[in-house]
Amino acid sequence: YETNDKEMKAEAKYFLVKAANLDKERAFEALYYLHLIDDEGKNTHDSRYLQEIRTRAEALGETDNPFVLIMRCDEAIEAGDYDLALELSDKAVKNGGNIFDTWNHRGMAKRDKGDFEGAILDHTSAIELNPKYAIAWNQRGLAKVGKGDLAGAIEDYNRAIELDPDF
């Protein structure tokens, strides 16, 4: 997903679809990379691939699957239950710390609970794992506003817009 080579993306997508179809019960990583290719690393939370991951994981009873935890964390944040969001995002980081969105979600939960410094650290971890993730840049900017670092927030907002002009 981090290349502009359309032929390479098409080939990767072809093999990832084959992998996801070979293992109908799991193939979470293949589905996640298909999501990233289709979404160009922007990581919208309503992609068909993320929903397929959740469906497969829940059918297997894998409630600690990091992708399921991320989606449940989104729901908790939307409901204003920041304690639950932090609990779910802590588990997501523990179970999938190599997935940039786990860090981003924990950062959002921490920010919503007023832990701006912790949020900045978590969003920075997300950015280190995926420097093209505009959402994490924006979220870190929001945490910096909460901390009172307006200049730093503006830098992060500008970077988010550079990465995704439609942001």
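Which helix gives the most to the lining of the largest pocket?

Analyst: Helix 2 gives the most to that lining, with five residues. Before going further, please keep in mind that this is a predicted model, in which local features need pLDDT of at least 70, side-chain atom pairs count only at pLDDT 80 or more, and totals for chains, interfaces and linings use all residues. Residues are numbered from 1 along each chain as its sequence is written, and side-chain values use heavy atoms, with hydrogens and water left out.

The word helix here stands for a DSSP run of H or I with at least four residues, while a strand is a run of E with at least two, and both are numbered from the N terminus. A pocket is found on a 1 Å grid over the protein atoms alone, as an open set of points where a 1.4 Å probe fits, with protein on both sides within 12 Å along at least five of seven lines, and its lining residues have an atom within 4 Å of a point. The largest pocket has a volume of about 270 Å³, a volume being the space filled by probe spheres set on the points, which are joined across faces, edges and corners. Its lining is made up of 15 residues, and Tyr-32, Tyr-33, Phe-67, Asn-98 and Ile-99 are the ones that lie nearest its centre. The elements that give two or more residues to this lining are helix 2 (28-39), helix 4 (66-79) and helix 5 (82-96). Sorted by class, the lining has ten nonpolar, four polar and one charged residues, where Ala, Val, Leu, Ile, Met, Phe, Trp, Tyr, Cys and Pro count as nonpolar, Asp, Glu, Lys and Arg as charged, and the others, Gly among them, as polar.

We can now turn to the chain as a whole. The chain has nine helices and zero strands. Its radius of gyration, taken over C-alpha atoms, is 16 Å, close to the 15 Å that the globule rule gives for 167 residues, so the chain is as compact as a globular protein of that length; the rule itself is 2.2 Å times the number of residues to the power 0.38. Of the 167 residues, 47% count as buried, meaning under 20% relative accessible area, with exposed meaning over 50% and partly exposed in between (1.4 Å probe, protein chains only).

Thr-102, in helix 6 (residues 100-112), counts as buried because its relative accessibility is 0%. Leaving aside residues up to four places away in sequence, Thr-102 touches Pro-66, Ile-70, Ala-92, Val-93, Gly-96 and Gly-97, where contact means heavy atoms within 4.5 Å. Arg-54, which is found in helix 3 (residues 48-59), is also buried, because its relative accessible area is 15%. The side chain of Arg-54 makes a polar contact of 2.9 Å with the side chain of Glu-58, and another of 2.7 Å joins the side chains of Arg-54 and Glu-75. A polar contact is a pair of N or O atoms within 3.5 Å; within protein, one must be able to donate a hydrogen and the other to accept it, and residues adjacent in sequence count only if both atoms are side-chain atoms.
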